[in-house]
Amino acid sequence: MNKYLSKWAEDLSVEIKELEDGVLNAPQHLLGAHIDKSSGTQIITAYRPCAWNIWLMDEKGKVIGEMERFGTEDLFGIVLDKKSKFLDKYRLRIKYGEDDFVDMDDPYAFPKTITDFDCYIFGEGKHYKIYEKLGAHMETVNGVEGTRFAVWAPHARCVSVIGEFNMWDGRLHHMMLHGESGIFELFIPEAWEGASYKYEITTQDGEKLYKTDPYGNFAELRPSNASRITSLDGYIWHDKKYREKLKNTPKEKRDRQPMNIYEVHLASWKKKFEDDDNGNYSYRELAKMLGDYVEEMGYTHIELMGIAEYPFDGSWGYQVGCYYAPTSRYGTPKDFMYFVDEMHKRGIQVILDWVPAHFPKDEHCLGKFDGQALYEHPDSRRGEHPDWGTYIFDYGRQEVKNFLIANALFWVDKYHIDGLRVDAVASMLYLDYGKQDGQWLPNKDGGNEHYEAVEFLQQLNDTMEQEHPGAYIIAEESTAWPGVTGSVKDNGLGFSYKWNMGWMNDFLEYMKLDPYFKQFHHGQLCFSIDYYLSEKYILVLSHDEVVHGKCSLWNKMPGLEGDKYPALRAAYGFMYGHPGKKLLFMGQEFAQKREWAEFRSLDWFLLDEDIRHKQMQDYVKEFNALYKKYDAFYHNDFDIMGFEWMDCDRPQTSTVSFVRRGSTAKDQLLFILNFTPIAHTMYTTKVPCRGNYTEILNSDDEKFGGKGHINKKPIKARRAIFTDRKGVETEGFQIELFLPPLSALVLKFDYQG
């Protein structure tokens, strides 16, 4: 053996032993090209199990010499005379059998690119483009094509990249550790696009874990669960003007714009093959089909359930396995880019459901990632949801916060997502959410408020506003936590909007009642107006209300089948008129009868079997058109000017009327609702001013499946005397009209002082 190699083996005996044992975390100290300081010679080493021989070549393929074994059976080295030219670019020729030769570039000939500063700001929780450093990124380095892998695993003894490109052999590509940061990195030449890979993580006690890449951009189709190498570069976007317009729209102006959301679960909106788990339409097919439908129906936004990759279909995407990868159920990452781009071409904004509240315990996912609690809180009283069987993120750990905040920014940056809807915010805010006594850990003051989660949400919203001012974040929050949409500087959480879960629950409970009993629950119908200005609300009739035995909205309506259609039309009329942005889950626009299930398509056949479903679809379409035409529907959603009761004191008839005001005195709207199957031939209601009131929508119109009792002519307001509950009389105006049973009426008028 060459004397320098012998000395090298002696000096690095610890590293060689770690290499043999498969626990080497700094392979750069042993492998690759090195200068021996004592002799000035260059030593190049390579580790190749099962190799017969290895030759060193220059970058052009010229053989310089044969390498010899040293230190251990599969470690090869060669010493270049100090007078020779220093080789920073070289290749290896490896013989595995009689006629089995492989020429390759040495992964350890390439420098690390993650800097100490990257590690520092990641450790501070503020490396908001960490997704460009960690994960798998296709690169060309010194003219060599390959993939750079990087992963954070601070408790790991060592980490290797395994995949199709190295026969899943963890001995071949030990990653290089960056100091104390816990970040491992390695550039692997010729690791090709589409190749599957994982990280083989050796824990401190020697256990081998096989983990999907937390920052991976693509994954295998379930039930397989490896990551796939892909590039997010190269897609040509067509939405520059669209995005510039949104970016330059101040929040105050955005709040005064229409937001009418169609909530969609892509797999079950329409299935290509009903009896096939993988019988889904692709992102590109759905871009056309769903885009056409949403555009025709007149929605302004779509909200997508479950796009970040997830292992179990039955979770609907709310137990995420790969936060940086759109699910492969519908195609590739660039296919998803195409989907978003197509929506933007049609002027449709895309909202993505996002789940920073918890993650699943599947072995290949984030849980116990490097053998210890890393992404989850180490104390199970704070790190697990007992009812959900999932882990809870450790919001107090800076690198975990960085992972999540950068992920939110990632979807806006790389996929041009317009907004995120944050799932299960209440479970983040309260330490005792879904837990019994003894299952949760109080905060430092003994309370149940999750201070670290609050700080995380504030940082998330503040950062999104700074980095992507055109984007918005919506909270699904079901409690009375104050200031959810309040500004961070005023100690609010900083969300753009909040789902009005209280309204949804109260209103649906009211609608389910037999008409006779509604009079005793009139307050349930009207209560939401008492607090509608306390937050910036979105009114939702979401997927959660039409699944798991709750039945469809149509089936919630009381009475016989014939009563359910007009009752549902009345319900939609109240939702459209109520202050707040709007959301309706797919299928409810045509009165889906069966409750929703993720494994089957919506019941589109109803549109052909029963005209009443087509009429319901036409009704919603008409409301959507009016919503965009008249800004009284949305301009003052969060302004006291936007709403005024005309009559909410007739519980015995279960009727209400109210006014919605827009940006001008013209085209203000009067809504009149009747929630019982009793007609009122001469119904009177107070109105805000004199003038003519013209009916622009009546849910009893025959074209919507009604009886045709509409008010065709403009109705002139006349003076009247009104007496309040205290007997005080005031003078004003009223109109008289025909109010059909189970109906919603919308009349326009111009304000006249």
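**View 1. The largest nonpolar core of the predicted model.** Of its 198 residues, Phe-149, Tyr-262, Phe-336, Phe-339, Tyr-375 and Trp-411 touch the most other members. A nonpolar core here is a set of buried Ala, Val, Leu, Ile, Met, Phe, Trp, Tyr and Cys residues joined through side-chain atoms within 4.5 Å; buried means under 20% relative accessible area, with a 1.4 Å probe and protein chains only. Helix H10 (residues 398-415) gives the most to this core, eleven residues. Helices are DSSP runs of H or I with at least four residues, strands are E runs of at least two, and both are numbered from the N terminus. Another core, of 19 residues, lies apart from the largest one and includes Ile-54, Leu-56, Val-141 and Val-144.

**View 2. Helix H8 (residues 333-345).** From first C-alpha to last, the 13 residues of H8 reach 19 Å, close to the expected 18 Å, which is 1.5 Å times one less than the number of residues. H8 is largely enclosed by the rest of the structure, because ten of its 13 residues are buried. Among them are Pro-333, Asp-335, Phe-336, Glu-342 and His-344. Just after H8, Gly-347 has a positive phi of about 80 degrees.

**View 3. Surroundings of Glu-545.** Glu-545 sits in the loop between strand E27 (537-541) and helix H16 (553-556) and is buried, at 11% relative accessible area. Not counting residues up to four places away in sequence, Glu-545 touches Met-504, Asn-505, Leu-508, Lys-550, Cys-551 and Lys-556 (contact: heavy atoms within 4.5 Å).

**Notes.** Residues are numbered from 1 along each chain as its sequence is written, and side-chain values use heavy atoms, without hydrogens or water. Local features need pLDDT of at least 70 and side-chain atom pairs count only at pLDDT 80 or more, while totals for chains, interfaces and linings use all residues.

Key. Buried < 20%, exposed > 50% of the residue type's maximum accessible area, 1.4 Å probe, protein only.
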